[in-house]
Amino acid sequence: MGVRTSSPHTRLLIRLLCLVAVAFSVYYLTWRVLDTFNPHALVLSWLLYLAECYGLAMFLLHIFLTWDTRALERRLGVRADQRLEDAAVPAPVSGTVDVFLPTYNESVSLLRKSVLAAREIRREHATWVLDDGRRAEVREMCEELGVGYLTRDSNEHAKAGNINAALPRTSGDYIVVLDADFIPLPRLLERTLGHFREEKLAFVQLPQAFYNVDSVQHVGGDIRTGWHEQSLFYDVIQPGKNRWNAAFWCGSPAVLRRAALESVGGAATKTITEDILTSMRMHAAGWRSLYHNEVLAVGVAPGDLDGFRTQRLRWAQGSMQILRSRENPLLKRGLSLPQRINYFASMTTYFQAVQLAVLVAMPALVALSDQSPIAHLGGSFFLRFIPYLVLTMLASKLLGGSRQRMLWDQYFSFLRLFTFLRALPVLVTGGTKLRFRVTPKTPSESARGALYPHIGVALVNIAVVALLIAQPGRLATGATIAVSVCAGLVAATYLLTVARLWRRVYRRHHYRVSLALPVQVQLADGLEMSGETENISFGGLSLLTASAAQPGAHSEIRLLLGGETIAVSATIMSCTATDAGYRVGAQFGSLALEDEKLLLMSMLDAAIGAGGTRAREQIDPAPAARLVPARI
């Protein structure tokens with residue numbers, strides 16, 4: 001992926017290109033203010049110029065963060081052509097381990113998958129469900145599965161308070177933190193505990209990967225080959241932070257040293273983004289961090305726009321809370337200069353919304369005021385602007401490699417615009433009354449309402465183009481062309497955004513993964529049919545078969561998983577004809593616990609692209625020895 005996997009010669013060329021791009025950007029912005037600044041439109045001129053200067057500042061920070069993304073690989077001796085997953089890691093350290101699964105209102109069916117998988121993590125550990133919802137059904141599930149159950153009398157400080165309440169009631173030397181929707185792989189501890197041979201290492205953060213690849217933030221592919229809105233952060237920026245000992249805790253999935261967490265008073269409670277502030281406190285106290293870029297757990301990404309906006313708003317508002325506090329990274333004692341820059345860059349990325357708002361509004365402001373922020377908008381301008389734009393875009397693209405997708409990055413920038421703008425007032429107000437909102441894992445009926453502002457922006461820019469066509473002499477020729485092109489691009493981007501999301505409605509209670517398994521169906525009337533699964537979930541499956549089945553019919557379905565056959569009762573829900581036969585949808589009844597485990601491991605292997613053949617090998621034959629009695 002970009003700099004991480006390229007040869008030293010290629011990395012050197014990319015870095016030289018970055019320096020050239022920076023030098024030309026400084027030249028361009030100097031020339032802009034000296035030769036093209038319009039004194040007759042000072043407000044518009046300054047707005048546009050400051051937006052361009054912000055772009056250079058962010059470009060410089062991006063170069064700083066991604067200059068060297070192979071710090072961990074060099075430490076482990078990983079070759080440039082080798083994946084981290086295939087490299088050896090230090091043998092795990094000794095010590096006890098607690099696995100925490102904080103939960104509030106997530107569905108029991110979603111939580112159950114995470115608990116089942118947490119039980120199967122290899123190496124001795126205790127699994128704890130931290131239930132801030134105080135739900136009887138969650139307690140019963142924990143008793144059934146033989147894992148610990150902890151709750152408390154209040155929900156003070158949300159997730160941070162939940163974790164802090166569990167610390168004195170548990171005793172593990174290391175703590176694995178998994179959000180309720182994150183399903184860990186059995187090898188999670190084997191691949192991470194060895195790093196704690198470094199005595200001052202506070203935590204190991206893992207990438208956030210998601211198995212519902214049809215979410216609002218995904219763009220095609222599967223977990224390994226697909227791309228989502230956070231791919232650049234987890235595959236390029238976080239590895240780059242390893243160089244500066246500045247990788248930060250992202251909540252889940254992560255392994256923390258209890259002593260480090262307790263040394264800073266537990267998870268931070270003064271912000272709704274407890275993870276990044278806790279990380280900063282540990283760094284300031286002299287602890288180290290590590291980002292291990294290997295998928296060792298998979299979760300559920302926001303399925304629709306409502307969940308996406310809720311999560312991003314929380315991140316942005318939490319960063320504003322920290323920036324206005326005494327723990328602003330530029331002011332906090334104990335941080336090194338590179339750590340200050342890293343944290344400041346991560347917290348100020350949300351100001352991109354202001355820059356983008358200026359650029360989006362500029363065509364309408366120019367058309368309505370009859371003033372251009374750029375004087376002499378002709379050939380001399382474009383001879384400098386085009387190289388400036390191409391160099392910065394090319395350098396950014398090469399730094400990010402396959403994880404830097406310029407067009408999709410811009411798409412999501414437009415999509416996040418109003419959410420981030422909504423968060424910025426917290427920088428002034430402090431957000432003392434903000435509540436931690438759990439990211440919704442179920443579809444929202446009102447998600448489309450969030451698209452109305454985008455539709456409004458598109459219509460305004462279409463009106464700008466129509467106005468300039470209707471009144472061709474309103475602006476100079478060069479300004480008319482430039483404003484029309486910009487307004488058209490803004491309108492097209494927002495219309496495409498709305499078109500992509502308007503009809504994305506998620507109704508499934510269980511996310512499905514593509515998995516081809518031989519299957520036999522015994523219908524209640526004695527008829528039998530065979531075929532192959534197309535996709536499968538805990539709740540049911542879709543299979544391709546040569547025979548038709550009657551919707552509503554009861555059946556027994558036999559699946560071959562990892563060399564073993566499981567049988568489950570099911571109801572036929574649909575049957576549609578295809579070119580090769582029929583597509584049959586079936587809904588499962590209850591599953592036996594052993595069958596649940598086997599199905600989960602097969603789905604997990606399929607989700608991360610490894611196929612289902614290793615499923616049975618990954619299940620510990622005697623997991624009960626590691627479990628603890630449920631207790632309050």
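**Exercise 1. Which residues are linked with Glu198 in a network of salt bridges?**

Solution. Start with the criterion, by which a salt bridge is a side-chain nitrogen of Lys or Arg within 4 Å of a carboxyl oxygen of Asp or Glu. With that rule, Arg75, Glu198 and Arg288 are linked in a network. This is a predicted model, in which local features need pLDDT of at least 70 and side-chain atom pairs count only at pLDDT 80 or more, while totals for chains, interfaces and linings use all residues. Residues are numbered from 1 along each chain as its sequence is written, and side-chain values use heavy atoms, with hydrogens and water left out.

**Exercise 2. Describe the salt bridge of Glu52 and Arg32, and then the one of Glu594 and Lys597.**

Solution. First take the total, which is 25 salt bridges in the structure. Between the side chains of Glu52 and Arg32 the N to O distance is 2.8 Å. Next, locate the partners, using helices (H or I, at least four residues) and strands (E, at least two) as DSSP runs numbered from the N terminus. Glu52 belongs to helix 2 (residues 42-66) and Arg32 to helix 1 (residues 8-36), so that the pair, 20 residues apart, links distant parts of the chain. Then consider burial, where buried means under 20% relative accessible area, exposed over 50%, and partly exposed in between (1.4 Å probe, protein chains only). Both Glu52 and Arg32 are buried.

Now turn to Glu594 and Lys597, whose side chains meet in a salt bridge at 2.9 Å, N to O. Both residues lie in helix 19 (residues 593-607), three residues apart, about one turn of the helix. Glu594 is partly exposed, with a relative accessible area of 41%, whereas Lys597 is buried at 3%.

**Exercise 3. How is the aromatic pair of Trp227 and Phe412 arranged, and where do its members lie?**

Solution. Begin with the rule that rings of Phe, Tyr and Trp (its six-membered ring) pair if their centres lie within 6.5 Å, planes under 30 degrees apart counting as stacked, over 60 as edge-to-face and the rest as tilted. A search of the whole structure finds 25 aromatic pairs. Among them, Trp227 and Phe412 are 6.0 Å apart, centre to centre, with 40° between the planes, and the pair is tilted. Trp227 is in strand 9 (residues 227-228) and Phe412 is in helix 15 (residues 406-423), 185 residues apart. Both Trp227 and Phe412 are buried.

**Exercise 4. What is the order of the strands in the open sheet, and which strands stand at its edges?**

Solution. Two strands pair if DSSP finds at least two bridges between them. The open sheet has three strands in the order 5-12-7, with mixed pairing. Strand 5 (183-184) and strand 7 (209-210) stand at the edges, each with a single partner strand, so one side of each is left without a neighbour in the sheet. Finally, strand 7 pairs with strand 12 (residues 297-299) in the parallel sense over two bridges, and Ala209 has Val298 in strand 12 as its bridge partner.
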